[in-house]
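Okay, everyone, thanks for coming.

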Amino acid sequence: MRVECQNCFVDVIPMENSCCPACGVSLISQQAGLRTKITFSQGERKGSHCMRCGNPTRSTAKIFKKSRNHNYQPNPGGHDIQAHPLALLLNFVAGKYRHSVEVNIPLCERCRKEDEPEPKYIDFEKRTMTFIGHCALRDEMRTPARSSTLV
Ligand SMILES: [Zn+2]
Ligand SMILES: [Zn+2]
């Protein structure tokens with residue numbers, strides 16, 4: 001069964017020694033996740049819990065990112081096929097680099113005063129950003145889908 005590592009937030013199958021195969025940290029000592037990956041799509045408004053602290057909120061924050069670098073990598077050191085020179089050239093020809101993504105994420109007044117949340121992944125093609133956020137928000141976003149399948 002796959003679990004989400006609370007250290008690197010990759011969905012992994014634990015190794016025999018119950019460590020995360022991606023980052024090597026023990027999965028046993030980890031608390032049942034309070035934080036989890038949450039993906040937001042451009043033009044979508046969802047959730048009424050603060051992504052950072054999980055408190056109910058109606059305020060949102062707008063996060064805008066554009067691919068100003070040829071190989072924008074929010075996760076430096078990560079191996080990305082897109083960073084290959086040939087892939088860069090092909091992407092350039094395809095006009096990918098004019099892409100930008102803007103998403104609205106629920107963020108309460110208090111958390112808005114802190115730093116702007118940095119996405120862990122950005123998908124300029126799908127226009128999505130993935131953040132590490134509070135599971136209260138993820139649970140809320142999951143609920144409608146689950147109930148609709150029951151009907
Ligand atoms: Zn890990
Ligand atoms: Zn908050």
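So, how much of the chain counts as buried? Of its 151 residues, 17% do. Keep in mind that this is a predicted model, so what I'm telling you was computed from predicted coordinates.

Now for the layout. We've got 3 helices and 7 strands in this chain. If you trace along the sequence, the pattern goes β-β-β-β-α-β-α-β-β-α.

Okay, let's zoom in on two residues with a positive phi. One of them is Ser 18, where phi is near 65°, and this residue is not a glycine. Where is it? Ser 18 sits in the loop that runs between β2, residues 11–12, and β3, residues 35–41. Is Ser 18 buried or exposed? It counts as exposed, because it has 12 C-beta neighbours inside 10 Å, and the cut-off for exposed is 12 or fewer.

The other one is Arg 127. Its phi is positive too, about 60°, and again we're not looking at a glycine. Arg 127 lies in a loop as well, between β6, residues 121–123, and β7, residues 128–134. Here the count is 17 other C-beta atoms within 10 Å, so Arg 127 is partly exposed. That label covers counts between the exposed cut-off of 12 and the buried cut-off of 20.

Note on methods:
Residues numbered from 1 in each chain as written. Chains lettered and ligands numbered in written order. Predicted model: local features only at pLDDT ≥ 70, side-chain atom pairs only at ≥ 80, totals over all residues. Helix = DSSP H or I, 4+ residues; strand = E, 2+ residues; numbered from the N terminus.
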